[in-house]
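Subject: Structure handover

Hello,

Here is the structure we talked about passing on. Please open it next to this email and follow along.

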Amino acid sequence: MKSEIVNPDPLALKFFTGAEDMFWKRSEQYQNITVSDLSGSSGEVTISLFNIPIHHSASDQIDYLADSNIGPFIIEEIFQTGVNFAAIKGFRHASYYCFNCSKEINISGSRPETFEFMLTYKKFPPFTVKIKLPAVICLNCGSLNGVIMKGKDVDVVQAVENAFRSKGVEIKK
Ligand SMILES: [Zn+2]
């Protein structure tokens, strides 16, 4: 009987046994880094993170985010490049405008959509961000706008935090 050959994830292989000059192999600081898939929700926002770099501390047996700035980095990228959000104008009565053509959009037709993108932070391996939130297509230009209701952008921050907490990953050592 032939034994089965299990092909390891090419990324993990590169990560752990790859080129000698790789940053994380040489650096004491980045030893014992593993990757983890995390998911969390808040309000209408669900965030899934794939291949997030985790540092397992042998001394206290706790998993830490490999770099405490990864959280803020993810949140910033969601708002700046990951999702094209409709612009919000007005104080008492908020109106929503297409990110692309600036025409007003009716958000009553928004429904959950998933946006997915890849990020690389410093010299860590790339990881994937999937974010599900209400979105609506602009009737003027056909662009898909992410819709975060006025004052609800905190849900994005909370969802990222909940994702880390989902597997007990501590943010800072
Ligand atoms: Zn538009």
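Below is what was found, from the overall layout down to single residues.

**Overall layout**

Please keep in mind that this is a predicted model. The protein has four helices and nine strands. Starting at the N terminus, the elements run α-α-β-β-β-α-β-β-β-β-β-β-α. The protein has 173 residues, and buried residues make up 25% of them. As for contacts, take those between residues at least 6 apart in sequence: 62% of these join residues at least 24 apart.

**The α3/α4 contact**

Helix α3 covers residues 70-82, and helix α4 covers residues 154-166. Their axes come within 10 Å and cross at roughly 140°. That angle makes α3 oblique to α4. The crossing of α3 past α4 is right-handed.

Which residues of α3 and α4 meet? On the α3 side they are G71, I74, I75 and I78. On the α4 side they are V156, V157, V160 and F164. By class, this contact has seven nonpolar residues, one polar residue and no charged residues.

One more position in α4 deserves a look. Q158 sits in this helix. Q158 is partly exposed, because 17 other C-beta atoms lie within 10 Å. Q158 and G40 are 118 residues apart in sequence, yet their C-alpha atoms are 8.3 Å apart in space.

Strand β2 spans residues 45-57 and strand β3 spans residues 62-65. The two pair in the antiparallel sense over four bridges. In this pairing, I54 stands opposite L65 in β3. Together β2 and β3 form a hairpin, with four residues between them.

Phi of Q61 is near 55°, a positive value in a residue other than glycine. Is Q61 buried or exposed? Q61 counts as exposed, because it has 7 C-beta neighbours inside 10 Å, and the cut-off for exposed is 12 or fewer.

**The three-stranded sheet**

Three strands form an open sheet, in the order β4-β5-β6. The pairing is antiparallel. Its edge strands are β4 (87-89) and β6 (104-105), and each pairs on one side only. Strand β5 takes in residues 95-97, and three bridges join β4 to β5. I88 stands opposite Y96 in β5.

This sheet comes with another phi value to check. S102 lies in the loop between β5 and β6. S102 is not a glycine, but its phi is positive, at about 70°. S102 counts as exposed, because it has 12 C-beta neighbours inside 10 Å.

**Strands β7 and β8**

Strand β7 runs over residues 111-119, and strand β8 over residues 127-137. Nine bridges join β7 to β8, and these strands run antiparallel. P112 stands opposite P134 in β8.

How many of the nine residues in β7 are buried? The count is zero, and the strand is hardly covered.

Now for a residue in β8. I131 lies in this strand. I131 is buried, because it has 22 other C-beta atoms within 10 Å, and the threshold for buried is 20 or more. What does I131 touch, leaving aside residues up to four places away in sequence? The partners are V45, I47, I78, G82, V83 and F115. I78 turns up again here: it is also one of the α3 residues that meet α4. I131 and T114 are 17 residues apart in sequence and 5.5 Å apart in space, C-alpha to C-alpha.

**Where to look**

- The α3/α4 crossing, at roughly 140°.
- Q61, with its positive phi of about 55° in the hairpin turn.
- S102, with its positive phi of about 70°.
- β7 alongside β8, joined by nine bridges.
- I131, buried in the model.

Over to you.

Best wishes

How values were computed: Residues are numbered from 1 along each chain as its sequence is written. This is a predicted model: local features need pLDDT of at least 70, side-chain atom pairs count only at pLDDT 80 or more; totals for chains, interfaces and linings use all residues. Axes are lines fitted to C-alpha atoms, for helices over the stretch in contact, and angles run from 0 to 180 degrees between N-to-C directions. Angles under 35 degrees count as roughly parallel, over 145 as roughly antiparallel, 65 to 115 as roughly perpendicular and the rest as oblique. A crossing is left-handed if the near helix is turned anticlockwise from the far one by less than a right angle, and right-handed if clockwise. Two residues are in contact if their C-beta atoms, placed from the backbone, lie within 7 Å. Ala, Val, Leu, Ile, Met, Phe, Trp, Tyr, Cys and Pro count as nonpolar, Asp, Glu, Lys and Arg as charged, and the others, Gly among them, as polar. Two strands pair if DSSP finds at least two bridges between them.
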